[in-house]
Amino acid sequence: MREIELKVLIGAERAKDLAALLPGLDMIRGEPRQNALHSIYFDTPEGILRHEKMALRLRHDGERWLQTVKWRGQLAGGLSKAEEDEQEIETDTISFEVIQNQKLRKKIKKLIPEPQILIPVLETKIQRHGFDVELNGTRAVLALDNGEIHASGKSAPLHELEIELVEGAPRDLYEIARFLLPDGGFRPSRYSKAARGFMLLDEGCIEPAVIPRKAFPVPLDPEESCEKALRAMLRECFDQLCANIEAVRLLEAPEGPHQLRIGLRRLRSALAFAGEPEDGQDSFDLESLREECRWLGREVGRLRDLDVICTQIIPQEAAAHPEETGFDLLRTSIGEQAGAVRGILRLILTGPRVQDLLITLAQFIETGRLTGDAGGERSFSDAARKALNKRWKRVIQRAGRIDMLDLEQRHALRKELKKLRYSLEFSAPLLPEKATSRFLGKLRALQVVFGDLNDATMVEALLTQPPFRDMKDISTQRAIGRILGARQHKAQESWDHARELWDALIACKLPWD
């Protein structure tokens, strides 16, 4: 049987609030249920089942024992899909004979000759509040799980909301979550309970440490369909987005906002590969999704700009002018401003608008038709080449006579270069390695020029406006003047090489040709 469920992490307080709220909701059907679930997961001492990506458990719900085998599991965007063979048994002893799926039973017997080889490796003790729900004709079982995971003498609390599909559209599982969490805080789970137990066994925790997350390359096959390749790309972007939202929410590290802004730009570039949506119930407004990503990028950018000035630009200029005393006061003032902006951004990131964006993105990635038409079965390799050619033509149009561009035109070209770079990095596994590496090197060198131009514009916009413009300390104003002058000088110096770098880029062989 195929099990489809949405897993959402919730805090202990949110779990209490939902337990009190749920019985009175219109979507609830029937009476709520409470169960104490004790699940024991088994494997060989060598971890054969874990290696085969299988999970075998016995669960006692107070009245009966259930033996469950799960395999072919996939969890992305909070949506878990797995094959499941679950049977009621008379005792608390593993039996291969009760497994109904014949191929699965045969495979397990081949891997493990006798059930006696199996040992308990982890367990979960969960208090479950269960509800039958119905929304838009979709029926589901909603479970509020509060409890602990235990492994090798270690334990960790777990609070999770599971919404399991009974009948209807998987997309509606996200709508149920949206309805239940109207104030924000949607955190899609990335791991099953078994995976969390093994993490506890290996690393002593059930959730990886929160750190700023860089982009990971997406492995693609030249024969892969557009639909499959695009889903893999968007999943990677979504994971980077969620991880860095947590990093900004919980950490002070400047790398968090930096990687969050990169993640949003990559996501918008990946969405550009998606086709226009079909009309109908399952259609998605891609332009609205892109616009919400732009909005969030601007909000994150406010903090990122202050971080850049505080942690990079001021230290560089202070080192160049050690006799200048105004840099310390300026850095303190900008740090205070960054702290205030960080506080506002954290409220935004846990609020309803960002939650709505995350839910809609996950819905689109996991349940939508990404190509918008039947073309999803086409090779992504061909689609990528067409998309890159289109991006390159836009860059050519924006560049024009590059040494004659005004500031607005330079900014427009900078954005097109970024879009081309992200699209090329996504497509790199499908293209000749040497040609791609060479072209990306030339492209990045040109982007440095535009980065210096952007820094000069950003610094001027921030430091010539209140509150920094109105600071009365003369030494601080001198420090601001030094920063403005140095950034303008660096920008001009870089721009003097723009023509040379542009000529080097257009002389490169296009790796997608």
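Modeller: Buried stands for under 20% relative accessible area, exposed for over 50%, and partly exposed for what lies between (1.4 Å probe, protein chains only). The model is predicted, so local features need pLDDT of at least 70 and side-chain atom pairs pLDDT 80 or more, while totals for chains, interfaces and linings use all residues. Numbering starts from 1 along each chain, and side-chain values use heavy atoms, without hydrogens or water.

Start with the whole. The protein has 513 residues, and 50% of them are buried. Its C-alpha trace spans about 80 × 55 × 45 Å along the principal axes. There are 15 helices and eight strands (DSSP runs numbered from the N terminus: H or I of at least four residues, E of at least two). Take the contacts (heavy atoms within 4.5 Å) between residues at least 6 apart in sequence: 73% of them join residues at least 24 apart.

Now the cavity. The structure holds one cavity of 30 Å³ or more. A cavity is a set of points on a 1 Å grid over the protein atoms alone where a 1.4 Å probe fits but cannot get out; lining residues have an atom within 4 Å of a point. The volume of the largest cavity is about 50 Å³, taken as the space filled by probe spheres set on the points, which are joined across faces, edges and corners.

Its lining consists of Y41, F42, D43, L49, R50, M54, A55, L56, V121, A194 and F198. Strand 2 has the largest share, with three residues.

Look at helix 5 next. Its buried residues are K193, A194, R196, G197, F198, M199 and L200. Two of them, A194 and F198, are in the cavity lining. An α-helix has 3.6 residues a turn, so residues three or four places apart point the same way. After helix 5 comes G204, with a positive phi near 80°.

Between helix 2 and strand 3 runs a loop that holds K53. K53 is not a glycine, yet its phi is positive, about 60°. Its relative accessible area is 69%, so K53 counts as exposed.

Strand 6 (residues 119-135) holds I126. With a relative accessibility of 3%, I126 is buried. Leaving out residues up to four places away in sequence, I126 touches N35, A36, L37, D145, N146, G147, E148 and K193. K193 is one of the buried residues of helix 5. L158 is 32 residues from I126 along the chain, with 8.5 Å between their C-alpha atoms.

The loop from strand 6 to strand 7 (138-151) contains N136. N136 also has a positive phi, near 55°, without being a glycine. At 56% relative accessible area, N136 is exposed.

A cis peptide bond, with omega about 5°, joins P466 and P467. P467 sits in the loop between helix 13 and helix 14 (474-495).

To recap the part you asked about: the largest cavity has a volume of about 50 Å³, and strand 2 supplies three residues of its lining.

Notes
1 Å grid on protein atoms, 1.4 Å probe; cavity = no way out; pocket = protein on both sides within 12 Å on 5 of 7 lines; lining within 4 Å.
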